[in-house]
Amino acid sequence: METIRFDELNLDPRILRAVTDMGFEAASPIQAQAIPVEMEGHDMIGQAQTGTGKTAAFSIPIIQRLYLQKKKGYKRGIKALILTPTRELAIQIGESFAAYGRFAGLRHTVIFGGVGQKPQTEALERGIDILIATPGRLLDLIGQGFIHLDTLEYFVLDEADRMLDMGFIHDIKRILPLLPKKRQSLFFSATMPPEIERLAGTILSAPQKVEVTPASSTVDAIDQSVYFVEKAEKINLLKSLL
Ligand code: AMP
């Protein structure tokens with residue numbers, strides 16, 4: 001695939017400057033495919049692992065679209081929710097929004113469990129546009145009335161397969177009915193087993209699929225071949241190959 005540069009992706013100059021300030025020039029394959037789809041407002045299912053640049057692939061279009069909407073003036077409230085399985089990922093995603101959005105004047109906060117909730121609820125009370133959360137603490141703070149999702153327009157489910165492995169499926173199923181029906185949803189998972197496909201089906205409407213093949217795990221300098229032999233012949237084949 002030919003390389004796409006960020007300056008070919010129709011980004012607002014403020015967003016482009018933040019991205020190029022990070023030293024990024026070429027979009028990674030997931031970014032080159034996903035950013036145009038997302039900016040057109042489609043729901044999307046992205047099969048990509050950590051390390052492929054998927055965080056920028058969903059945060060840049062959300063920042064761009066919110067920035068343009070906000071310039072026209074919009075009602076305050078949480079506009080984007082990013083659900084991710086771990087505290088570490090939540091923090092990393094928060095850092096991405098801070099970096100790519102640093103000239104956009106949007107506010108975000110990160111919430112996760114295992115720590116006191118006071119700093120998190122204070123940030124929520126100051127008002128934010130973008131919320132990055134792990135599922136348990138999100139439900140907890142919704143239950144306490146600190147979070148309202150009725151103004152939401154963008155929903156990202158990150159690392160869906162890990163969410164399932166970590167037992168978050170019930171939390172996710174409790175969160176989904178709280179989201180406005182009219183929204184753009186982006187669904188990311190490294191793998192797509194049937195259970196994940198089913199979950200994606202309940203979240204997305206008419207999604208476009210974007211897939212990046214994971215980096216090859218074999219070393220180019222190693223030749224590989226397959227030989228079909230009867231079990232009894234295996235040792236002889238090995239001897240002759242050696
Ligand atoms: P992620 O897959 O989202 O966890 O991103 C992996 C790392 O790649 C992060 O440290 C990003 O800062 C970096 N990165 C993402 N996109 C690009 C890009 N287009 N060019 C260079 N580095 C990038």
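Predicted model: local features only at pLDDT ≥ 70, side-chain atom pairs only at ≥ 80, totals over all residues.
Local features are taken at pLDDT of at least 70 and side-chain atom pairs at pLDDT 80 or more, while totals for chains, interfaces and linings use all residues. Residues are numbered from 1 along each chain as its sequence is written, and side-chain values use heavy atoms, without hydrogens and water.

The protein has 10 helices and seven strands, these being DSSP runs numbered from the N terminus (helices H or I, at least four residues; strands E, at least two). Its C-alpha trace spans about 75 × 40 × 35 Å along the principal axes, and 48% of the 242 residues count as buried, where buried means under 20% relative accessible area, exposed over 50% and partly exposed in between (1.4 Å probe, protein chains only).

The structure holds nine salt bridges, each a side-chain nitrogen of Lys or Arg within 4 Å of a carboxyl oxygen of Asp or Glu. In one of them, Lys54 pairs with Asp158, with the closest N and O atoms 2.8 Å apart. Because Lys54 lies in helix H3 and Asp158 in the loop between strand S5 and helix H7, this pair ties together parts that are 104 residues apart in sequence. Lys54 is buried at 4% relative accessible area, and Asp158 is buried at 0%.
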